[in-house]
Amino acid sequence: MFNSKFGSIPKFYVRAPGRVNIIGEHIDYCGYSVLPMAVEQDVLIAVEPVKTYALQLANTNPLYPDFSTSANNIQIDKTKPLWHNYFLCGLKGIQEHFGLSNLTGMNCLVDGNIPPSSGLSSSSALVCCAGLVTLTVLGRNLSKVELAEICAKSERYIGTEGGGMDQSISFLAEEGTAKLIEFSPLRATDVKLPSGAVFVIANSCVEMNKAATSHFNIRVMECRLAAKLLAKYKSLQWDKVLRLEEVQAKLGISLEEMLLVTEDALHPEPYNPEEICRCLGISLEELRTQILSPNTQDVLIFKLYQRAKHVYSEAARVLQFKKICEEAPENMVQLLGELMNQSHMSCRDMYECSCPELDQLVDICRKFGAQGSRLTGAGWGGCTVSIVPADKLPSFLANVHKAYYQRSDGSLAPEKQSLFATKPGGGALVFLEA
């Protein structure tokens, strides 16, 4: 196909995997550690550097139209999350890191088998893959950590205020192990998952495109505002605080104690912009221009108590999950499952990032043998991840398929990508032979 598109053959190939977040939802952008693993599904790009400045992108999927531009004039339209913009994010991130004005052109054919808008990070895998393609074409070197940090920052060109988990696991993943990913500074630690259980991904078939929705960016802002109000309550320098983790670090107390501070400092009723201004002693204009992002300036209610409660409790669950994996008690699958169930409840009730289909799918998974099941990858659609005892796997897959995907109304077309067991895969890499 490369030859029919470009009349030549590729010089090298780059792959970057998608990921499933086992536990730690919506806390990376608050500064807290998360626990993902790479999946085997990936984005693959065939590349041929060219002598001109032309950048030509094609996709093996006919749903995604070809795109060409000058490599010297990269424009990313935030209003439209088109597929090629994610490629441009990765390219621009590397270009700006090295301070280059002139980039060599290239022909790229993109292929991928990560289901789109499913919460398995197909878009971040494309950003990471494009970053590594650009680095390779330039003949430069960067560490995996540097690449992850550049790609996390550059995905914000498209308007997604993510925290860096997706890009980090795409580069830092290793086959056979999940990773605890910590931020500031970025580092990854192996987490050995239980041998007697399998993680199963099930797609709700409700699509959710992170950059096209304001839900995600409103949550980021609610967490930022909660951090500022908590800091003010504790007489910290609140105007410098951006993340909930910073409040905990400055106070030097445990996550459990932070939950108690949240109970004292914030009320469960939603806050309006006027009340936030009164609490912080600022004007509405200052709130809009100095704190809120452009796409959250017209939001009228902010649920600060609920969001902070989710983040601090979820951060604690991540650490408990890792500890159970290390200590490996006899009932570890049950204990890990309970943490995943608690995580889903918190995502549903406190963070409000679930949807009826995800809740139904989680219930079905638990009914047919999952020890724990939760939404994964931001929510509002996309996938669930379940921990299933290995001996129950065949019956679990058959029963979930029947109960969720084989509806009497035939509304869900069952695809093989909808329900599958997964094991931790390796990270992004460059290779010369397809």
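1. The second largest pocket has a lining of 30 residues, and those nearest its centre are D28, G163, F183, S184 and R243. The elements that contribute two or more residues each to this lining are α4 (144-154), α6 (214-233) and α7 (244-251). The structure is a predicted model, which applies to every point in this note.

2. The volume of the second largest pocket comes to about 620 Å³. By residue class, its lining consists of 12 nonpolar, seven polar and 11 charged residues. Which element gives the most to this lining? It is α4, with four residues.

3. The largest nonpolar core is made up of 127 residues. Within this core, I45, F87, L244 and F321 have the most contacts. Apart from its neighbours within four places in sequence, F321 is in contact with I22, I23, L35, L193, F199, L336, L339 and M340. There is also a second, separate core, of 14 residues, and L361, V388, F396 and Y405 are among them.

4. C355 sits in the loop between α12 (332-349) and α13 (356-367). With neighbours within four places in sequence left aside, the contacts of C355 are W380 and G381. Between C355 and L397 there are 42 residues of separation in sequence, and the distance in space is 22 Å from C-alpha to C-alpha.

5. An unreviewed entry gives "domain: GHMP kinase N-terminal" for residues 85-172. In the model, this stretch, residues 85-172, is 56% helix and 9% strand. The C-alpha atoms at the ends of residues 85-172 are 24 Å apart.

6. The other annotation, "domain: GHMP kinase C-terminal", is listed by UniProt (unreviewed entry) for residues 333-405.

Technical notes: Residues are numbered from 1 along each chain as its sequence is written. This is a predicted model: local features need pLDDT of at least 70, side-chain atom pairs count only at pLDDT 80 or more; totals for chains, interfaces and linings use all residues. Side-chain values use heavy atoms; hydrogens and water are left out. A nonpolar core is a set of buried Ala, Val, Leu, Ile, Met, Phe, Trp, Tyr and Cys residues joined through side-chain atoms within 4.5 Å. Buried means under 20% relative accessible area, exposed over 50%, partly exposed in between (1.4 Å probe, protein chains only). Contact means heavy atoms within 4.5 Å. UniProt positions are given in the numbering used here, feature names are shortened, and annotations may be inferred rather than shown by experiment. On a 1 Å grid over the protein atoms alone, a cavity is a set of points where a 1.4 Å probe fits but cannot get out, and a pocket is an open set with protein on both sides within 12 Å along at least five of seven lines; lining residues have an atom within 4 Å of a point. Grid points are joined across faces, edges and corners, and a volume is the space filled by probe spheres set on the points. Ala, Val, Leu, Ile, Met, Phe, Trp, Tyr, Cys and Pro count as nonpolar, Asp, Glu, Lys and Arg as charged, and the others, Gly among them, as polar.
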